[in-house]
Amino acid sequence: MPRTLDGQITMEKTPSYFVTREAPARISAMSKDTKLIVVVRDPVTRAISDYTQTLSKRPDIPTFESLTFKNRTTGLVDTSWSAIQIGIYAKHLEHWLRHFPIRQMLFVSGERLISDPAGELGRVQDFLGLKRIITDKHFYFNKTKGFPCLKKAEGSSRPHCLGKTKGRTHPEIDREVVRRLREFYRPFNLKFYQMTGHDFGWDG
């Protein structure tokens, strides 16, 4: 990481940190005071989104249903498949809590980031001890993408939306598969809500 002067905040973003076993110890060794921000979303939607991303690069992969289950008849979910494994947030959080207190972590709702971007970013600004500069007036809803975009990107007069890899249409997934996955994730979600002190509402 670059040197950070007083009054500066240095940020770095790597989605795989949260699920990489070695990451908490390494980051703690670098700086015990690091503040951690984790964006999470409904693990079922996350798994389908993960699959959609892979499918766009490799159209020949097996169906979502066949990758989800070790045994379709018994409904045994294959937790070795990374798309499933990543969404077991409580398990990953346990590794982090061995190195960081929960007060140094902020869990941002991916759903609220879409429905109320300014509100969720308000929480981020508060957590980082920043003045609330980003507000509703900075966003507009892009109907094509299905989520908010910045009205004006930094150093530009043009609006900025996330790239074409975001907002892809998800394939139609068998309702029974989705129901079984919801069942599978429920205990892990409840544990995660308990650990973070925040109910993300994925099981409502």
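## A salt-bridge network

Asp116 pairs with Arg112 in a salt bridge, and their closest N and O atoms are 3.0 Å apart. This comes from a predicted model. Asp116 counts as partly exposed, because its relative accessibility is 26%. Arg112 is partly exposed too, with a relative accessible area of 33%. Side chains of opposite charge can pair when their charged atoms come close.

A search of the whole structure gives twelve salt bridges. Two others are described here. Arg72 bridges to Asp174, with 3.7 Å between the closest N and O atoms. Arg72 sits in the loop between strand 2 (69-71) and strand 3 (76-77), while Asp174 sits in the loop between strand 6 and helix 8, so the pair ties together parts that are 102 residues apart in sequence. Arg72 is partly exposed at 44% relative accessibility. Asp174 is partly exposed as well, with a relative accessible area of 36%.

Arg179 forms a salt bridge with Glu176, and here the closest N and O atoms are 2.6 Å apart. Both residues belong to helix 8. They are three residues apart, about one turn of the helix. An α-helix has 3.6 residues a turn, so residues three or four places apart point the same way. Arg179 is partly exposed, with a relative accessible area of 41%. Glu176 counts as partly exposed at 40% relative accessibility.

Elsewhere, bridges share partners. Arg112, Asp116, Glu120 and Arg123 are joined in this way into one network.

## Overall fold and confidence

The protein chain has eight helices and six strands. Read from the N terminus, the elements follow the order α-β-α-α-β-β-α-α-β-α-α-β-β-α. The C-alpha trace spans about 60 × 40 × 30 Å along its principal axes. Of the 204 residues in the chain, 35% are buried. The accessible surface comes to about 13100 Å², and carbon and sulfur atoms account for 53% of that area. Consider contacts between residues at least 6 apart in sequence: 55% of them join residues at least 24 apart.

Mean pLDDT for the protein chain is 91. A score of at least 70 is reached by 96% of the residues. Where pLDDT is low, the predicted coordinates should not be read in detail.

Which residues of helix 1 are buried? In this helix, residues 23-30, they are Ala23, Pro24, Ile27 and Ser28. These four cover an arc of only 125° around the axis, which puts them on the same side of helix 1. On the other side of helix 1, Arg26 and Ala29 are exposed.

What covers the buried residues? The cover includes strand 1 (36-40) and helix 5 (89-97).

## A buried threonine

Thr68 is part of helix 3, which runs over residues 64-68. Thr68 counts as buried because its relative accessibility is 0%. Setting aside neighbours within four places in sequence, Thr68 contacts Leu76, Val77, Asp78, Trp81, Ile84, Val177 and Leu181.

## An exposed threonine

Is Thr169 buried or exposed? With 74% relative accessibility, Thr169 counts as exposed. Thr169 lies in the loop between strand 6 (147-150) and helix 8 (175-196). Asp174, the partner of Arg72, lies in the loop between strand 6 and helix 8 as well.

Thr169 and Lys131 are 38 residues apart along the chain. Their C-alpha atoms are separated by 36 Å.

## A nonpolar surface patch

Ile9, Met11, Ile37, Val39 and Leu130 make a nonpolar surface patch of about 440 Å². Val39 belongs to strand 1. At 51% relative accessibility, Val39 falls in the exposed class, because the cut-off for exposed is over 50%.

How values were computed: Residues are numbered from 1 along each chain as its sequence is written. This is a predicted model: local features need pLDDT of at least 70, side-chain atom pairs count only at pLDDT 80 or more; totals for chains, interfaces and linings use all residues. Side-chain values use heavy atoms; hydrogens and water are left out. Buried means under 20% relative accessible area, exposed over 50%, partly exposed in between (1.4 Å probe, protein chains only). Helices (H or I, at least four residues) and strands (E, at least two) are DSSP runs, numbered from the N terminus. The arc is that of the directions from the helix axis to the C-beta atoms. Contact means heavy atoms within 4.5 Å. Patches are made of residues with over 30% relative accessible area and no salt bridge: like charges are joined within 9 Å, nonpolar side chains (Val, Leu, Ile, Met, Phe, Trp, Tyr) within 5 Å. Accessible areas come from the Shrake-Rupley method with a 1.4 Å probe; for residues, only the protein chains shown count as cover. A salt bridge is a side-chain nitrogen of Lys or Arg within 4 Å of a carboxyl oxygen of Asp or Glu. pLDDT is the predictor's confidence in each residue, from 0 to 100.
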